Amino acid sequence: MKDNKKTITRKGFIKTASAVAAVAAVSTVFKPSLRAFAKGSKPNSPAESGVWKSTTCQGCTSWCSVQVYVVDGRAIKVRGNPNSKVNLGNCCSRCHLSLQQVYDPDRTKVPMKRTNPKKGRNEDPKFVPITWDEALNTIADKIMDLRKNNETHKYMLMRGRYSYMRDILYDRMTKIIGSPNNISHSAICAEAEKFGPYFTEGEWSYRQYDVLNARYILLWGADPLSANRQVSYYLSAWGDALDRANVAVVDPRFSASAAKAGEWMPIKPGQDGALAVAMAHIILTKGLWYKDFVGDFTDGVNKFVVGQTVSEEDFTEKHTNGLVKWWNLELKDKTAQWAAERTGLPVEQIINVATDYGTAAPHAICWVGGGPAMQVRGGYTAMAAHALNGLVGSVDNVGGTLKGNKEYTQSFPAPDDFIDDTAKAGKKHKKIDHRGTKGFPVLSKGKPGGGVVTNNAAEGILNEDPNEIKVAIAYMNNFAFSCPQSERWERALSKIPFLVHLTTNASEFTHFCDIVLPSVHHMFEKWGYVKSMGNTYRHVTLLEPVIDPVWDVRIDETEIPWLIAEKLQERGFSNLLDHYKEYKDPETGKAPTNAAEFALYSLKHATHKLWDPAVYQGGDKFSGWAEFAKVGVWNSDPYPFKKRWGNMKTKTKKFEFYSETLKAALTAHADKHETTVDDILETCKYQARGEKAFIPHYEEPYMWGDEKEYPFVHVDYKSRLNREGRSANCPWYQEFKDLDPGDVAYDDVAKLNPIDADKLGIKDGDSIRLVSKTGKLECHAKLWEGVRPGTVAKCYGQGHWAYGRVASKEYGKTPLGGNNNDIIPADYDRLSGATAFYGVTRVKVVKV
Amino acid sequence: MDYLLSELCQRADNYKLLSECYYLPDEELMQKIADFSQTETNFVELASSVPPAAELMLLEVDFARLFVGPYKLLAPPYGSFYLEDGKLMGDSTADVKVRYEKEGLDIVIKDAPDHIAMELEFMYFLITKQIKAIEDSNLQEAQACLHKQSAFLQNHLVRWLPKFAENVQQNSQTKFYMQLSQQTNDFVQEDMSVLLENILSSQG
Amino acid sequence: MKFPEQENQKKSEKKISRRNLIKAGGAGAAVLAGAQTASAKQSPSKSKRLAMVIDLQRCTGCGGCILSCKSENNVQSGIAWSNKKSRTVGKYPNVRFEYIPTLCNQCENAPCVKGCPTKAMHKGYGNITMHAPKKCIGCRTCLAMCPYGVISMHTRKPHAYWKSEDALIKGCTASPKELVEKVKGNVIPNYNDAREKSTPGSGLRYKGIVEKCTLCDHRVTKGLLPHCVMSCPADARVMGDLNDPNSAASKLLSKYRPWRLKEHLGTEPKVFYVREFNPGATKKTKGSV
């Protein structure tokens, strides 16, 4: 370089600085213009130009707190919300499908009405678009007609998936109109699964599992790496859990979780109870029960010997009730050999698994999923399998099975003052689903008739028993697809003179409707909240409108009831609107004046104690609503392990192997119908008599169809891409259907063991028909080593004949693949009300 | 304070004028240089190297030979050429682009993001943004701008201008571009050292 | 390190005074050092060799990587940059399910790069195998050369589904095209412009060219992890620089014996697999004769 050159230096210009300053003190000589650049549309954009906004995914009931990446009001991609202690920033694969749901062209974009008065599967509804005003006026008129004629009990509300804003539409509106008929979907979910923990440890709920501290995880008809519950958390924890825990999977089908387990136990469908009681037998005879929880023989000598009864006085129980009774009444003869004969599993495998499970006490999880429970006699199986957690002391323990942590949401204002005499009279009528009748004890939370018998409501409607249904509103449900023997629903819905559907897509259910109201997509366009648990925490996570709504849609659980309430007020019935006006904004004390305000205020009210530091109760603390809404999720305090030991919500306050709680519930139901418990059990298809009714025990499976005519047992399961029944219209769903082990992309296959297929002369890809006693479906065959011979495994989710262009072969007419509910008969575990999905359907396989 | 601000203004002006000098030369530019040298002693030298208007053509030819083509560029005015062994549109170009994007700037001329004119103008932009922030009493923002300048210089101009200047010295046929490239480099190097000095001296 | 976006966005809380604004950096050397580190992350470095290590024990086969890639990169149906190979092996009841997530292997000796006549396939930042759509002539040499089948050809206009003008229920539902227009998408409704902004022509691709995973170069060059890595709920994907012995990827590769697909071909893939998809325990046995 040339040093002698005089160059531009800072010193140089600083010397003349004052001169310049005089000219232009605070502006540059050049006009502030750019030559090579232009200001972009998104100033100060970080590395990514959008914003991650918090909301909740309800693709399954994991209810993960998630975030949506939004650019200019448009959703681009999704991820787990890093602020959640439950799903820890993770979401599973099905969450990504939500993008194709919210942006599904087949969403209803405007209210529509039916113009073809004839209803039926083969009747085109001939929907035409109408205004919101016309739709709401029509609905209000129909409701007012019921009220004028004192037949408000002929109003019905059907609920499918929900957020906890549900009571506004489901409970309050139904009550104030004056009907007993708010029917939820819960019994097609997994009520029987809750039966086990309730009648042993007093918790009518799903559970969470401390898998990272477990030494043994026994998955029983549960597939947490694929479906329900808290999938994303278990996906995140599983690789590490495997470092410490042995995993065994009880499932006739080689599930996604079995693919990562040390032990697969391909049990004969419906025989789960046999395995459970045999495991208990082995744990007791080998002395592996957890003595700190269960107690011990007074002399320390194990008297649990095959075939021998034990004196109750010889055993001192700690936090459990009735172990010896259980042994004497049920377990003493239930050897591995006995179970092997029924379950089709090798004796050694049963002994090995029971021994390893017992040895891992108390960090041994028995994870009871829907599989063993949602069967005709599944309530007792759920109890038997869950009782294993009691034996090894993993209940409420580190590395065990836990309940939900405490949370502090609050209910909506009580409706009592707004329920007038007309409504009171209407409410007194019996419910359409027959709960609480002799044949439907439905002992939800120990109360006879306390739960719902969702699928039986179809019978009630069809038979006008106890009365006809004239006006019905349904939201986020699709009973004509999701309920077994769904053809009954097609007829029942056709019979309802005025049916309204609040939905995103024109589904099978919609096909029978008179008015269709386009609803928000829960994850992108709705205000609401849900609670869920995992990772030993519970979170309360907000559903928030994170994008510009795609169409002229309204929020199903809040805005629409408000809009109906306004219309009712115009017609002289203001009780509903007056009640809704009590849902005030906790921040300002203001009553809502329109639907949008109502949606927001009611949510702020329900979650008030979570976000308002002035009424703080526990868990995460926020500065106020704004911060809570931004973060999107509240986390509970850490789990108080063993706090419930000796203080359970059962009659004895202990973990009940002999359930005084069930005894009280069953006796109450028998008393109500002036009969004996034995008579009730006989009516409800159970085999137990006498004292056995109150203990976890084995019942033979109850299946539909003669074994000779229908040689196979159908095994239903759920896809890891199922967003309940709502994702089949997403192109990605079809494209990646093979993410479920054994399944095929762009197809719907029934999986047969090659041994069976050979006998039938069926090859891979053949078109086949599955025929049961109550129905049939068509799909393709897949020869697969992952199914037990004698069973046919088929995934639920396909077989839509409506919903959209991708989901159906021909919208409104021809299904794509087959719907399992077309072959599953409508039957129930009547003690819980749960619909039977598993171990209930015998089928034959026919080549088409 | 006014003194400090005016210093900033001058830095901005210097970057802006230098940036302008790397576009196809025209009379307007020559006039700007002449005007600027009235108040800015540093540009006196450069102004003196401006040829008479009639010979502007010579500058245009030299400009094309050095920076535009169509034959082999004698002194490619692109950062990645010097930072990545003769590569154009390299990783460093991507990095420059990211920095522009982070400021919400879209490129509106048809050239690579690491063209010297753009990089110099980007410095002008950052400094004016800093001035604006000070006027708005947005101290956080002003500080951020300061660091962005230092990071940008350190990663780009400071690293490749010496080689670029040398290239121009060796290949230019006009005094103007020799002078320009040399002064650009010297100014930027000094600006960098003073920036760093200032940042570090603040610790005490 | 789960969310580098957030970490990068964290701002210094330190107070600064108006007086030392220009003369001083305010927060001082710490901030400066921070700025330098941050810029070093983004600054060009020819010596980086980016690799991905996939921990199969953590992988659950959920497909989150596949679907998140679809949304990040606007990948049309029928093509998956992030993909998997899976099969069920054995005879009932002794079966296992094998699952391997796959993606472009970012070979050190990339046959696609060697074979490309127009240099559309080329090596870029971090030695990523890049594809320049504008240089691609659709000759498919790369498809033929790639031993892994991870390059896809557009034989028809992409995203045909979204171009349909048919509505399911006239007046009540939209056509795909109408939906895209309504939400102001670009060909697809959830169009992500991140790629296009980074490399023009790469945002949606078009008929007559090939496409493949480029390790989310548009994110990586900005100091962000590839979207599949961010989206993996199991943290089974670990990204790192092989030239840095302390990178998370290098550490994993030292701890476990890695393997790669078709190693014998000498392509030197930079996608490594460690541990077993199913590490389940087995009972002791000496077997039998």
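1. In chain B, 56% of the contacts with a separation of 6 or more join residues 24 or more positions apart. Two residues are in contact if their C-beta atoms, placed from the backbone, lie within 7 Å.

2. This is a predicted model: local features need pLDDT of at least 70, side-chain atom pairs count only at pLDDT 80 or more, and totals for chains, interfaces and linings use all residues. Residues are numbered from 1 along each chain as its sequence is written, and chains are lettered from A in the order in which they are written.

3. Chain B has 10 helices and one strand. Helices (H or I, at least four residues) and strands (E, at least two) are DSSP runs, numbered from the N terminus. The order in chain B is α-α-α-α-α-α-β-α-α-α-α.

4. Of the 204 residues in chain B, 52% are buried. A residue is buried if 20 or more other C-beta atoms lie within 10 Å of its own, with C-beta atoms placed from the backbone. The C-alpha atoms of chain B fill a box of roughly 50 × 40 × 30 Å along the principal axes.

5. Now helix 3 of chain A. 10 of the 10 residues of this helix (residues 93-102) are buried, so it is largely enclosed by the rest of the structure. Among them are A:Cys95, A:His96 and A:Leu97. The cover includes strand 2 (51-57) and helix 19 (522-525) of chain A, together with helix 3 (64-73) of chain C.

6. Chains A and C meet: 65 residues of chain A are in contact with 61 residues of chain C. Helix 3 and helix 7 (231-244) of chain A are among the elements that give two or more residues to the chain A side.

Note on methods. Buried ≥ 20, exposed ≤ 12 C-beta atoms within 10 Å, placed from the backbone.
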